[in-house]
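Here is a short briefing on one protein chain. Keep the structure open beside the text and find each element as it comes up.

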Amino acid sequence: MGRRLGFGFAVIGVGTALLSALFVNVAFSNRFDSYLEQQRSARVQQIAGAVTGVYESARRWDGARMDELAPALAMAGADVVLTDVGGRTIWSTDRSGSEMAEMHRAMTESGPLTEPVSVPVTVDGRQRATLEVSLPEGSVPVADQQFRAGVNRLLLAGGLVVAVVASALGLVFARRVTRPVAELTAAARDLHAGNRDRRAAVTGRDEVAQLGQAFNELAESAQRQEVLRQSFAADVAHELRTPLAILRSQLEAVQDGVLNLTPALVTSLHEETLRLGRLVADLETLTTAEAVSFSLERVPVDVADVVRSVVTGLGPRLTDAGLTLDPRLVPAPVCGDPTRLAQVVTNLLTNAMKFVPAGGRVTVTTDVVADRVRLTVRDDGPGIPDGELSRVFDRYFRGSGAGANGSGVGLAVVAALVQAHGGAVEAANACGGGAVLGVTLPLAGQDPGVTASGRSAGSPQLTAVTEP
């Protein structure tokens, strides 16, 4: 790239000089041709005036007086023919000055004669004769030729100097451009080779620096996702290992006759299988929601009705956990998938159940703000640490609170499903304490802003989640 830029600048410099020389030559030639034409016209008028003076002084055409004009006409290199009104020749330079005029034209290198110009000779308002004058074409004087050649040499030399300077500057600028690009390429290759800590050295604020900054942010995000993935894999392995170990040990004990297959034992085994089922369901839902082929069965539905249905199903669990559920529901019509929306509400409520201690309260609110439907789940638990607010909906992220013992995919499923509906999610802490998780969805009849595959076509504006 550096060599191409340098060569390009050099070509531009030389090309500019050549074009300038061409334009100067064309302009100079045109202006000089015009100058010669003006000079010929002035000489013709001078000759016509002198011939008219001869007639006025003698009141007739006097050949001797005309011969006296011959030397002056010869010095001008002119060929003159004077004819009367009837077309008969009265006088011409062939009689005396023709050879002298040819010698003068040869000495001055004024060129061949032009086509004769006819000028009427008028005295006292009457045409007395017709004067035909042929003047040399004229040539560019030696001084003018030297001037034009000097200008061309200066332009050529200047073009060469500009080409050298432009090439040097092109190489300097090209290195400034290619150095960060090369650094970015090397960083990308190192990152691809497995060096997860590799970052591109970024300096400046231009577009290339912004590209490098974006690359570093992408690498940081990828590294965080990798750490979360590894942690998630370890957590899932632990989550799977524990119920499997319990199932295996109890079943082996039954096989060995150590334990009897009592209803209590069957209930315990059933709870462990349910635990495994919930974990597998969360993983499957997250994978399905993020798949390209994910689609929604959209129908008109009221979010308030969906919340009521979910609350009815989760009522016993909330009661067993010692929690009070306070629904504050108003009609909130949307065009969405009732099953997926029910899953969103279920995950939000079960997330609150994990963090709210016994005796706490969970408030569920639905309302309509402008052209958006808002679903809010607020609890009076310990809240969310400030450093984790922006990450609660990330895949595999599990908070640092005492209740952060899940798989880390429940809220990620919420974010994926809401985004598929053209909505947005937000997490905040209420002023009086506790966490607030908010979901906004397009009001029924509004453009959901999603593609046919269910993916969001744009990032919707988040509606601020306030305390209910």
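**A paired couple of strands, and what surrounds them**

Strand E9 (residues 372-379) and strand E11 (residues 435-442) pair in the antiparallel sense, over seven bridges. Within this pairing, Thr 376 has Gly 438 of E11 as its bridge partner. Keep in mind that this is a predicted model.

**The five-stranded sheet**

- E9 and E11 belong to an open sheet of five strands, in the order E6-E8-E9-E11-E10.
- The pairing in this sheet is mixed.
- Strand E6 (324-329) and strand E10 (424-429) are the edge strands, and each pairs on one side only.
- From one strand to the next, the twist averages 15°.
- In general, strands of a sheet pair through backbone hydrogen bonds, either parallel or antiparallel.

**Helices on the sheet**

- Helix H7 (residues 303-320) lies across E6, strand E8 (361-369), E9 and E11.
- H7 runs at about 170° to E6.
- Helix H9 (residues 410-420) also packs on the sheet, where it touches E10 and E11.
- The direction of H9 makes about 20° with that of E11.

**The cores**

- The largest nonpolar core has 40 residues.
- Leu 348, Leu 349, Phe 393, Val 414 and Val 439 have the most contacts inside this core.
- H7, helix H8 (338-355), E8, E9, H9, E10 and E11 each supply at least two of its residues.
- A second, separate core has 22 residues, including Val 44, Ile 47, Trp 91 and Val 121.

**Val 439 and Ala 424**

- Which residues does Val 439 touch, not counting residues up to four places away in sequence? Among them are Val 344, Leu 348, Val 373, Val 414 and Ala 424.
- Ala 424 is found in strand E10.
- Ala 424 counts as buried because its relative accessible area is 8%, and the cut-off for buried is under 20%.
- Ala 424 and Val 439 are 15 residues apart along the chain, and their C-alpha atoms are separated by 5.9 Å.

- Strand E3 (residues 117-123) and strand E4 (residues 126-134) pair in the antiparallel sense over seven bridges.
- Thr 122 stands opposite Gln 127 in E4.
- E3 and E4 form a hairpin, with two residues between them.
- Asp 124, in the turn, has a positive phi of about 60°, although Asp 124 is not a glycine.
- Is Asp 124 buried or exposed? Asp 124 is exposed, with a relative accessible area of 60%.
- Ala 370 lies in the loop between E8 and E9.
- Ala 370 has a positive phi of about 55°, although it is not a glycine.
- Ala 370 is exposed, at a relative accessible area of 70%.

**Cysteines**

- How many disulfides does the structure hold? The structure holds zero disulfides.
- Cys 335 is partly exposed, with a relative accessible area of 38%.
- Cys 431 counts as exposed, at 79% relative accessibility.

- The mean pLDDT of the chain is 78, and 82% of its residues reach 70 or more.
- Confidence is highest in strand E5 (residues 299-302), at 94.
- Confidence is lowest in helix H3 (residues 98-108), at a mean of 62.
- Over residues 450-468 the pLDDT is below 50.
- Beyond near neighbours in sequence, this stretch has 51 contacts in the model.
- Where pLDDT is low, the predicted coordinates should not be read in detail.

Terms used: Residues numbered from 1 in each chain as written. Predicted model: local features only at pLDDT ≥ 70, side-chain atom pairs only at ≥ 80, totals over all residues. Heavy atoms only, no water. Pairing = 2+ DSSP bridges. Helix = DSSP H or I, 4+ residues; strand = E, 2+ residues; numbered from the N terminus. Axes fitted to C-alpha atoms, helices over the stretch in contact; angles between N-to-C directions. Contact = heavy atoms within 4.5 Å. Buried < 20%, exposed > 50% of the residue type's maximum accessible area, 1.4 Å probe, protein only. Core = buried A, V, L, I, M, F, W, Y, C linked by side-chain atoms within 4.5 Å. pLDDT = per-residue confidence, 0-100. Disulfide = S-S within 2.5 Å.
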